[in-house]
Amino acid sequence: MLDLDGCIERVCKYELLTESEVAQLCLRLKEILMDTPNVPKIQSPVTVVGDIHGQFADLMELFRVGGPCPHTNYLFLGDYVDRGSNSLETILLLICLSVRYPERITLLRGNHETRQITQVYGF
């Protein structure tokens, strides 16, 4: 059984998860995303977050100022990776939070989550 709170705590300390943990997280997130409509209903009030681009410290500051999960609803508009030096930590934390609090975190796909962009810029 995956310890989501432990994973969140470790990622917040810049510690990477094991390959097995990441695989389990991806499977669980896939199930959530498959059940999410193309136009999801989101409980207000909600904090809308634009491009993060791997800026993990900025993401942590956002949660400090805006309020931690599950006390605040968040809508992330995509573009989670690229440019910043902590893309992996950024997307791992968002995946962990989305799996742990699916009613509080909504992840939308930006252009950096498409095959074309990742083939050109990598991840």
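## A tour of helices H1 to H4

Select helix H1 and helix H4: Leu4, Asp5, Cys7, Ile8, Val11 and Cys12 in H1 meet Glu89, Leu92, Leu93, Cys96, Leu97, Val99 and Arg100 in H4. Contact here means heavy atoms within 4.5 Å. These contact residues divide into 10 nonpolar, no polar and 3 charged. For that count, Ala, Val, Leu, Ile, Met, Phe, Trp, Tyr, Cys and Pro are nonpolar, Asp, Glu, Lys and Arg are charged, and the others, Gly among them, are polar.

The model is a predicted one, in which local features need pLDDT of at least 70, side-chain atom pairs count only at pLDDT 80 or more, and totals for chains, interfaces and linings use all residues. Residues are numbered from 1 along each chain as its sequence is written, and side-chain values use heavy atoms, with hydrogens and water left out.

**The H1 and H4 axes**

Keep both helices on screen. H1 covers residues 4-12 and H4 residues 87-100; their axes are 10 Å apart, at an angle of about 155°. H1 is therefore roughly antiparallel to H4. Angles over 145 degrees count as roughly antiparallel, under 35 as roughly parallel, 65 to 115 as roughly perpendicular and the rest as oblique. Axes are lines fitted to C-alpha atoms, for helices over the stretch in contact, and angles run from 0 to 180 degrees between N-to-C directions. Helices are DSSP runs (H or I, at least four residues), numbered from the N terminus.

Next, colour H1 by accessibility. Leu4, Gly6, Cys7, Ile8 and Val11 are buried, and the buried residues of H1 pack against H2, H3 and H4. Buried means under 20% relative accessible area, exposed over 50%, and partly exposed in between (1.4 Å probe, protein chains only).

**H2 against H4**

Move to H2 and H4. Their axes come within 10 Å and cross at roughly 55°, which means that H2 is oblique to H4. Val22, Leu25, Arg28, Leu29 and Ile32 in H2 meet Leu92, Ile95, Cys96, Ser98 and Val99 in H4. This set divides into 8 nonpolar, 1 polar and 1 charged.

**Salt bridges**

The whole structure has 4 salt bridges, each a side-chain nitrogen of Lys or Arg within 4 Å of a carboxyl oxygen of Asp or Glu. Select Glu21 and Arg10, whose closest N and O atoms are 2.8 Å apart. This pair links distant parts of the chain: Glu21 is in helix H2 (residues 19-35), Arg10 in helix H1, 11 residues apart. Glu21 counts as buried at 15% relative accessibility, and Arg10 as partly exposed at 25%.

Then show Lys13 and Glu9, another salt bridge (3.5 Å, N to O). Glu9 is partly exposed, with a relative accessible area of 47%.

In helix H3 (residues 56-66), select Arg64 and Glu61, which are 3 residues apart and so separated by about one helical turn. Their salt bridge has its closest N and O atoms 2.8 Å apart. Arg64 is exposed at 59% relative accessibility, whereas Glu61 is partly exposed at 37%.

**Last stop: Met60**

Stay in helix H3 and select Met60, which counts as partly exposed at 26% relative accessibility. Leaving aside neighbours within four places in sequence, Met60 is in contact with Cys12 and Leu93. Finally, check the C-alpha to C-alpha distance from Met60 to Thr90: 9.2 Å, for residues 30 apart in sequence.

Key:
Helix = DSSP H or I, 4+ residues; strand = E, 2+ residues; numbered from the N terminus.
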